[in-house]
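Reader: I would like to go through a structure feature by feature. Please give the general idea at each step, then the case at hand.

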Amino acid sequence: MGSKWVVWVELLFFMFALFQNYRCSDGCWEHERLALLQLKLFFNDAKSLTNWVEGDENSDCCQWNSVECNNNTHRVIKLDLIATRSWLSESWYLNASLFSPFEELEYLDLSFNSIVGCTEKEGLKGLSSLSKLKSLYLSYNLFNNSILSSLDGFSSLRELYLGGNDLKGSVDFKDNVFSHLCLSFIELKYNLVI
């Protein structure tokens, strides 16, 4: 009986050590911290992300501006990147796959960032792998109607904000990718066919 306990204790110790190596010592998951530092290259407003520190291995990204983590798992659940791109920068195409490391992400705000679209052939499909994403804010960018076709596959999405973009015409919400959304939370500046 005693040798089984030793094996279990050793196994638990090994799993704990493995888990600790995957997370930064202060709580933030290492691969999410590295992904945030990648995003910082694109969301380049010097005032907004000042504490997103490169090279500091012990930096807890859960304490960074615009980032919120789950208190228990220390996984990133909210990224509030509203107006975090310098207004002096040109409009740009978002690489949505940069968000794929944030597997627990529930809330993403990319409003007011001069995003004209997404990288070629990808659209927002890079975000559709985020199975827990509930709120997506894309307001006041430079998206046109082509953004709508890349929003399929977002089964967990409940809030979608697209106001202030260059969307024209009407959208039919009956038999398409938007049927699961709570329409009271959708902000569009053009006709809705419900």
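**Fold, disulfides and core**

Author: From the N terminus on, the elements of the protein run α-α-β-β-β-β-β-β-α-β-β-β. That comes to three helices and nine strands. Note that the model is predicted.

Reader: How many disulfides does a search of the whole structure find?

Author: A disulfide is a covalent bond between the sulfur atoms of two cysteines. Here the search finds two disulfides. With the bonded cysteines numbered in sequence order, the pairing is 1-2, 3-4.

Reader: Which residue is joined to Cys28, and is that disulfide right-handed or left-handed?

Author: Cys28 is joined to Cys61, with an S to S distance of 1.8 Å. The torsion about their S-S bond is about 85°, so the disulfide is right-handed. This pair links distant parts of the chain, 33 residues apart: Cys28 sits in the loop between α1 (2–22) and α2 (30–40), and Cys61 in the loop between α2 and β1 (67–69). Cys28 and Cys61 are both buried.

Reader: What is the S to S distance in the disulfide of Cys62 and Cys69, and is the link right-handed or left-handed?

Author: For Cys62 and Cys69 the S to S distance is 2.2 Å. The torsion about the S-S bond is -90°, and the link is left-handed.

Reader: Why does Cys62 count as buried?

Author: A residue is called buried when its relative accessible area is under 20%. Cys62 counts as buried because its relative accessibility is 12%. Cys69 is buried as well, with a relative accessible area of 10%. Of the 194 residues of the protein, 43% count as buried.

Reader: Which residues touch the most other members of the largest nonpolar core?

Author: In soluble globular proteins, nonpolar side chains tend to be buried together. The largest nonpolar core here has 42 residues, and Leu36, Leu79, Phe99 and Leu124 touch the most other members. Elements that give two or more residues to this core are α2, β1, β2 (76–80), β3 (92–94), β5 (115–118) and α3 (146–149). The largest share, four residues, comes from α2.

Reader: What does Leu124 touch, leaving out residues up to four places away in sequence?

Author: Leu124 touches Leu94, Ala96, Cys118, Leu138, Ile147, Ser150, Leu151 and Phe154.

Reader: What share of contacts between residues at least 6 apart in sequence join residues at least 24 apart?

Author: In this protein, 64% of such contacts do.

Definitions and conventions. Residues are numbered from 1 along each chain as its sequence is written. This is a predicted model: local features need pLDDT of at least 70, side-chain atom pairs count only at pLDDT 80 or more; totals for chains, interfaces and linings use all residues. Side-chain values use heavy atoms; hydrogens and water are left out. A disulfide is a pair of cysteine sulfur atoms within 2.5 Å. Buried means under 20% relative accessible area, exposed over 50%, partly exposed in between (1.4 Å probe, protein chains only). A nonpolar core is a set of buried Ala, Val, Leu, Ile, Met, Phe, Trp, Tyr and Cys residues joined through side-chain atoms within 4.5 Å. Contact means heavy atoms within 4.5 Å.
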